[in-house]
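Me: I have a structure to go through with you. Could we take it one question at a time?

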Amino acid sequence: MLNWNVHICSKNNFPTAAGLASSAAGYACLAYCLAKLFKVEGNISDIARLGSGSASRSMFGGAVQWDMGWDSSGSDSIARQLYQHTHWPELKVVILVVSDQQKKVSSFSGMQGSVETSELLQYRIKHCVASRLDAVVNAIGNKDFETFAVNTMKESNQFHAVCLDTYPPISYLNDTSHTIQNLVHSFNKYHQCAKVAYTFDAGPNATLYMLEESVDLFINIVQHYFPPSSSTIGEPFVRGLPVNLIDNIDENLLNLKSIPTTPGAIKYIINTAVGSGPEVVMDPNESLLGEDGLPKEYKESSQH
């Protein structure tokens, strides 16, 4: 097997280098496939981590924690699954794709800058990370959405505060990102409890968590304030799991003064759920690659 020639082709079906963990998905897929090919058993999250730190977490489904580890070699800096994806089936994920363009500052270089220059990062490491991690882990275990949502949003906000505290400052969010934050808080205030939680990684795109009972209503409201632009007609605006249309939405939710109607500000919506982790796709219709090992659209374009 060591003499094999291996053809590798990586293809995403969501934006790359735009703050949606595309590197984590790509390197986790690579590590998983190579492990299957060469019959490597056990926890290989430390191998995936060599490509992208977040890829270690992507080696498992459900709720996963990446342990920092203490060994100078990094051998004990691995990921472990806390709960399977079936633990909290009511928890759903909605992604609002604001931009599919590559970000100007990569996650790696941004983190390097923060480590070197941000005083807030050092305070955060000493006083905030451990307690907030414990709170989120316990909330997932207890299926306590209120605690989960509040701590998730605070964690996201503090991360971006660190980015702004970095010198020179890094701003991953844009006006649409801030409007989405305001919409989530307005929606929660209307219900007098946390119904939706946002988190933003190193990019303007929003990852939202909510229980299944809130998905249809919230996505309908998002479509009200962020309708698709005329240039996207013909392409699905909501992708993934189906969403039901709601006609009788309270006017108070449709006339929020702090939320302007901005057509085209969101490119599309992905309605999905907590995943089960990497898997080998056997159905060729589900694969992003053709039988020749190349992306299907590459083959289609070369035929024209």
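This is a predicted model: local features need pLDDT of at least 70, side-chain atom pairs count only at pLDDT 80 or more; totals for chains, interfaces and linings use all residues.

Me: Thanks! What length does helix 8 reach from its first C-alpha to its last?

Reply: Residues are numbered from 1 along each chain as its sequence is written, and side-chain values use heavy atoms, without hydrogens and water. Helices (H or I, at least four residues) and strands (E, at least two) are DSSP runs, numbered from the N terminus. Helix 8 covers residues 212-225, and its expected span is 20 Å (1.5 Å times one less than its number of residues); the model comes close to that, at 21 Å.

Me: Is strand 3 enclosed or open?

Reply: Buried means under 20% relative accessible area, exposed over 50%, and partly exposed in between (1.4 Å probe, protein chains only). In strand 3 (residues 91-97), 7 of the 7 residues are buried, so the strand is largely enclosed by the rest of the structure.

Me: Which residue in strand 5 is the bridge partner of Leu91?

Reply: Two strands pair if DSSP finds at least two bridges between them. Strand 3 pairs with strand 5 (residues 206-211) in the antiparallel sense, over 6 bridges. There, the partner of Leu91 is Leu211.
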